[in-house]
Amino acid sequence: MRYVVQTLIPCAHLTLLGSHGGSGKTNLALTVAAHVAVGAPWAGFETEHRPVLFASLEDGGDIVRLRLRRICAAYGLDPAAVGRNIRLLDGSGSLSALMAETGAYSGRKIEETPTLIELRAAVGDAGLIVIDNASDAVDFNESDRRAVRVFVRTLAGLGHRNEAGVLLLAHIDKNAARYGSAGNSYSGSTGWHNSARSRLALLADRDGVQLVQEKANLGAKAEPVRLRWTDSGVLVPDDSGDGAEHASNADAVMAAIAAAIADGVTVSTGRTGPATTQKLLENFPDLPTHLRGPRGREAFWAAITDLQRAGKITAEDFQNSARKLRQRFVIAAAPIAPIAPVPTIGAIDQ
């Protein structure tokens, strides 16, 4: 399997990069594009040295170039080399939808627009195609699963001839962007996250920003990357934290979940309403004071997210007493160790 950015952006497939608006996904996408343009590794991930096509449907070309200049300065990249290998398309000043719904009622269908035809003609030898962003690229109901599936597959097809990676930027749910959401942060139709082969999310937490690979169909998921903002407004890897406090909170929440399940209590996954996971676990002494109540809510849910990403707890469907489908947290089963073969110590005489 080839990757434009190792394990994160596979060749000849579509990758989603999402965050809440203003969280830095365009900045991060440009950072990755600049590193691919010169073949430099980013945050420990190897990149292929390939031409990049960056289609900006939201910001004008001047803003994109300014951001690229700051990125080159922050990472020590040669701006001339980056500029030679990135082609910018400015779609901010016109109707930029790539696919639109036509017809009415039973005759409705999703069709390519002239903008998409123009984009396809501009691909050339690009090895990475970045489209910023999905909200500007669609002129149909984003919750229509069939339409979303057609749209995502069509964009993935832009990279087939060159085995190019296609990176589509998208908005995600506000609560998911802040707390995570069981490894699936994308709002709207499930078609968005089901159709992409790799799905990345830029999530805010108690310490700043973290890039998480929520889906990897073609290989193992990458470890999360913690990021920080520079004074010039560029996202760079942040290795300053030791994670000791995070691990302590996660262990405490894990102990409370285990105690609840041992007492026969169903641990709901609810985040709002009168019966949230946090309120339920406050009935158990295993949950420390600093993870209780409104003041402890953010740290509590961050610990839940840490446990899910580590594969220690999972959310499963179940039917309640009213036979309604609900979700609950369960402790993930430990992997079964293989049985070692018995060593041969010599021939046995019959």
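A search of the whole structure, a predicted model, finds 3 aromatic pairs (rings of Phe, Tyr and Trp, the last by its six-membered ring, with centres within 6.5 Å; planes under 30 degrees apart are stacked, over 60 edge-to-face, the rest tilted). In this predicted model, local features need pLDDT of at least 70 and side-chain atom pairs count only at pLDDT 80 or more, while totals for chains, interfaces and linings use all residues. Residues are numbered from 1 along each chain as its sequence is written, and side-chain values use heavy atoms, with hydrogens and water left out.

**Aromatic pairs**

- Trp42 and Phe45 are stacked, at 6.3 Å centre to centre and 20 degrees between the planes.
- Both Trp42 and Phe45 are buried (under 20% relative accessible area; exposed is over 50%, partly exposed in between; 1.4 Å probe, protein chains only).
- Phe300 and Trp301 form an edge-to-face pair, with 5.3 Å centre to centre and 85 degrees between the planes.
- Phe300 counts as buried because its relative accessibility is 0%.
- Trp301 is buried, with a relative accessible area of 3%.

**Nonpolar cores**

- The largest nonpolar core has 40 residues, of which Leu8, Leu128 and Leu211 touch the most other members (a core is a set of buried Ala, Val, Leu, Ile, Met, Phe, Trp, Tyr and Cys residues joined through side-chain atoms within 4.5 Å).
- Helix H1 (residues 25-38) gives the most to this core, 8 residues (helices are DSSP runs of H or I, at least four residues, numbered from the N terminus).
- Another core, of 32 residues, lies apart from it and includes Leu116, Leu119, Val123 and Trp192.

**Contacts of Leu128**

- Beyond its neighbours within four places in sequence, Leu128 is in contact with residues including Val4, Ile9, Ala33, Val36 and Leu167 (contact is heavy atoms within 4.5 Å).

Key: Helices (H or I, at least four residues) and strands (E, at least two) are DSSP runs, numbered from the N terminus.
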